[in-house]
Amino acid sequence: MGRCFSPRWAALVVAIVAGCAPAATNAAADAGLENGTLKVVLSEWSLGFDEVQTDQGKLTVTVVNVGRFPHNLTVTDKGGGKVYEQTANLRTNETAEFELSLEPGEYELYCSIPGHRDAGMVASLVVGAAAAPAPSGGSRGGYY
Ligand SMILES: [Cu+2]
């Protein structure tokens, strides 16, 4: 008892479930930004995209949980110092919608349920021109 679900184990289960539920697969394919609406598809263990960039910070965000477990969507600035929005924990097939009005910059989207972000439920949102290079200059090769 007390053992956490292993993400790998859960991913296997999701793969099996997804095989019986094409709707979920289609929903995930729709994730991303289109016409000012950002569609986030929560599942084990993804938001449906890893990064999205937009020129304008006024966004309608729609969230659906197609996973088996409860998930939420949390929007913070990069580093997590300021929380712009956080949905309730959504159960399977529950949805949420909210508006964002963001200044140009980098933001993070993730599920705040313990362990979920580390398992892959995280993506970056860049508002404005493509992100400026890191001031320390370049060889980090990505995040972290
Ligand atoms: Cu989650």
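The following legends describe close-up views of a predicted model.

**View 1. The open sheet of 4 strands.** The strands of this sheet follow the order β1-β2-β4-β7, and their pairing is mixed. The edge positions are taken by β1 (32–34) and β7 (95–101), each of which pairs on one side only. On average, neighbouring strands in this sheet are turned by 20° against each other, with direction ignored.

**View 2. The pairing of β4 with β7.** Strand β4 comprises residues 58–65 and runs antiparallel to β7, to which 7 bridges join it.

**View 3. The open sheet of 5 strands.** Here the order is β3-β9-β8-β5-β6, again described by mixed pairing. The strands at the edges are β3 (51–54) and β6 (83–86); each has a single partner strand, so one side of each is left without a neighbour in the sheet. From one strand to the next, the twist averages 20°.

**View 4. The pairing of β5 with β6.** Strand β5, residues 74–77, is joined to β6 by 3 bridges, and the two strands run antiparallel. Within this pairing, Thr76 has Val83 of β6 as its bridge partner.

**View 5. The cis peptide bond between Glu44 and Trp45.** The peptide bond that joins Glu44 and Trp45 is cis, with omega about 0°. Trp45 belongs to the loop between β2 (37–42) and β3. Most peptide bonds are trans.

**View 6. Asn35 in the loop between β1 and β2.** Asn35 is located in the loop that lies between β1 and β2. Although Asn35 is not a glycine, its phi is positive, at about 50°. Most residues other than glycine have a negative phi. Asn35 counts as exposed because it has 5 C-beta neighbours inside 10 Å, and a residue is classed as exposed if that number is 12 or fewer.

**View 7. Asn93 in the loop between β6 and β7.** Asn93 is found in the loop between β6 and β7. This residue is not a glycine, yet its phi is positive, at about 75°. Asn93 has 12 C-beta neighbours inside 10 Å and therefore counts as exposed, given that the exposed class covers residues with 12 or fewer.

Conventions. Residues numbered from 1 in each chain as written. Predicted model: local features only at pLDDT ≥ 70, side-chain atom pairs only at ≥ 80, totals over all residues. Pairing = 2+ DSSP bridges. Axes fitted to C-alpha atoms, helices over the stretch in contact; angles between N-to-C directions. Buried ≥ 20, exposed ≤ 12 C-beta atoms within 10 Å, placed from the backbone.
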